[in-house]
Amino acid sequence: MKVTLPSICALDCPDACALQITVEDGKVVKLEGDKDHPITQGFACVKTYRYPERQEHANRLLYPMKRVGKKGTGVFTRVSWDEALDGIASRLDAILQSYGAQSILPYCYSGTMGLVEGQHSLAMFRAIGTLELDQTICATTGSAAWEANYGPAKLGPDPEDLIHSDMILLWGINSLRSNSHLTPFLKEARKRGAFILHIDPYRNETSRFADEHWQIRVGTDAALALAIGGEILRNQWEDREYLGNFANDLAPYQAACESWPLERAADYCNIPLHRIQSIAKRFALARASFIKVGYGMTRNEGGGNAIRAITLLPALVGAWTELGGGAAISTSGGFPLNRHRLGASHLRHEGVRHVNMNHLASELLSSGNQKIQSLVVFNSNPAAVAPDSSRVRKGLMREDLFTVVLEHFQTDTADYADYLLPATTFLEHPDLYTAYGHYYLQWSEPVVPPRGEAKPNTWIFSQLASRLGIDEPSVHWDAQRVARELLDSDDSRLEGITLERLRAERTIKLNLPTPFLPYSNGSHFSDGKIRFSPPPIQVQFMETPSDEFPLRLISPPGAYILNTTMGNIESIQKMAGGQPQVMMHPDDAKSIGVEHLGMARIISEQGSIIRQVIVSTDAAPQTAVAMGQWWPKLAPDGKSLNDLTSERLTDLGYGSTFGNTVVRMEAIPIDSGSHPNSYRESETSIDLRNLSVFDDSHVPK
């Protein structure tokens, strides 16, 4: 029997696509975008199209398992759910009795974007009073920067209104890959006369799509934005009425802009002076200027100030008053759900210690009185994605660290588990989804039964809570109960949206004002003023290129591999070149004697890894571009890209600095014997000089 069913993509991206899933004889055989959805428009991203391969993969975890080998070797034996849950509860109870609740750390992030299996899974831990994990690895710097300008709750224009924009800056985002469902609206805007500029140190699909691309020097975005702001003010192109009504003290901001005259900024940012002049005028005088910023630029020492400087530009020219004008980093603030008891948030206590997830390595290796005795991992793969990965792995090797991992596959992190538990995928459980790229609230029912004995996160933690004697009601809520609680809001944006309606319609747009012009009447601060003061600055990095480490390493989403979620899917690995790669400029490659598709050792202060090299002018000079995050065990040397990164934090939001690392590279002759024994030359490597890496066949023309 063959049937097509609706679902919602739960992978971490702003689009939260509405999908059509084809199931045949109980197996997922096809995935497509919902052609009737205004955002999805009948297509899904390249990676999501291949989710059926992941869903039905032969290596899916099907049964609970208990470690029988040495930590890190990934040797397990199958056990029953009762045996696993009883064993875990017994160990946790002993740890609670001996060391207290704040010796237990739940480590999770965005393996699923569902509010139930993502955020509500924390309820048990809050009921116990364990350590609080600050989820700072990705978006907190951008969020802190936006809210420093505009106040709480991040908003942006409705993406469906961007067809009215006539000047569009895509700044620090490869939107055709990481926000692909914005593309039809960008195309329509350009058809109507819009000019599109892409600003990014890495030339990619979006660069080739745009009318113009500026290959900015890494980490200089704030200087460029301040220079543009200064040019606008010098020529009196600002919207004085809007600023008079809705801006706080502008004088310090003007002084900050004056410190970056165009000549200085052009040299510092490596962008022609006349182009900055031309774009500043075009941006200021356009009817509806719009800036879409990405989170990638936030992951360095000055990332917060960069976002602040860039996203103040629409306010400077009053673009928020026009349909399609303004800026966007996220639409997540548009969903006024009742989150009071989501993840048992009502049980949070001020005295509980918080752990910054970027500091996992140091936390696991700490020997003080706050030592972590148990780590419970779900919706994440910290052995691959956490900074300073070699030290993370060292911490995970501790015999006295009791580790539980909920997963779909035996990832690098799973190899260190004491108990490894099979979790359901987003196609196997119900959940409620918001988005950070549009304003549709969405509900998804399971389309297939769980594989093997896989269980939802919330079921697993409810079962453990019962064994630990936890009777907090919210810990034991099912998905429908969580959803009803979330929808219990008096906010007009949710009026008329019930669970029954969501289950029937699956996707419902929030009740937005018409026209929807966020920030047209100022900020979300109590005084309504947008914060130009204190002004953003161009942060001078402590970690800078030198003779020893001459290259800046950045790690944007790859064309096919974004993070580790789809990293073990063979077709995606093949499309991505068969092994993890790093791109460098021909001049830099020549200086170390490495050829295209040759191998090189990349070295930072934290460690070293070996990667295949793509030689291309798509990388700016003095910049190394590592494309996507692979599973370490699938790399030629068994190491993570994050063996190179540090625990250093950003200027705002205590975020990660993955784009901050300085490195040097050394060529490895294939016949030298200096590469690890595990290295073998891939038979599936793709020569990107003769291949377009963006398959846009599913994007509406």
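**View 1. L432 meets its bridge partner, W443, in β18.** We start with this pair in a predicted model. The strands on show here are β17 and β18, which run antiparallel and are joined by three bridges. Strand β18 covers residues 440-444, while β17 spans 431-433.

**View 2. Stepping back, β17, β18 and β19 form an open sheet of three strands.** Their order is β17-β18-β19, and the pairing is antiparallel. Look to the edges for β17 and for β19 (507-509), each of which pairs on one side only. On average, neighbouring strands in this sheet are turned by 15° against each other, direction ignored.

**View 3. Helix α9 packs against helix α12 at an angle of about 160°.** Here α9 (residues 221-234) and α12 (residues 262-269) have their axes 9 Å apart. Because angles over 145 degrees count as roughly antiparallel, α9 is roughly antiparallel to α12. The crossing of this pair is left-handed. On the α9 side, the contact is made by A223, L224, A227, E231 and R234, and α12 brings L262, A265, Y268 and C269. Sorted by class, this contact of α9 with α12 holds seven nonpolar and two charged residues, with no polar ones.

**View 4. Helix α9 also packs with helix α13, at an angle of about 65°.** Helix α13 runs over residues 273-285, and its axis lies 9 Å from that of α9. The crossing of α9 and α13 is right-handed. To follow the contact by eye, find L224, I228, E231 and I232 in α9, then look for I276, Q277, A280, F283 and A284 in α13, which they meet. By class, there are seven nonpolar residues in the contact of α9 with α13, along with one polar and one charged.

View 5. Is T623 buried or exposed? With a relative accessible area of 4%, T623 is buried, since the cut-off for that class is under 20%.

How values were computed: Residues are numbered from 1 along each chain as its sequence is written. This is a predicted model: local features need pLDDT of at least 70, side-chain atom pairs count only at pLDDT 80 or more; totals for chains, interfaces and linings use all residues. Side-chain values use heavy atoms; hydrogens and water are left out. Axes are lines fitted to C-alpha atoms, for helices over the stretch in contact, and angles run from 0 to 180 degrees between N-to-C directions. Helices (H or I, at least four residues) and strands (E, at least two) are DSSP runs, numbered from the N terminus. Angles under 35 degrees count as roughly parallel, over 145 as roughly antiparallel, 65 to 115 as roughly perpendicular and the rest as oblique. A crossing is left-handed if the near helix is turned anticlockwise from the far one by less than a right angle, and right-handed if clockwise. Contact means heavy atoms within 4.5 Å. Ala, Val, Leu, Ile, Met, Phe, Trp, Tyr, Cys and Pro count as nonpolar, Asp, Glu, Lys and Arg as charged, and the others, Gly among them, as polar. Buried means under 20% relative accessible area, exposed over 50%, partly exposed in between (1.4 Å probe, protein chains only). Two strands pair if DSSP finds at least two bridges between them.
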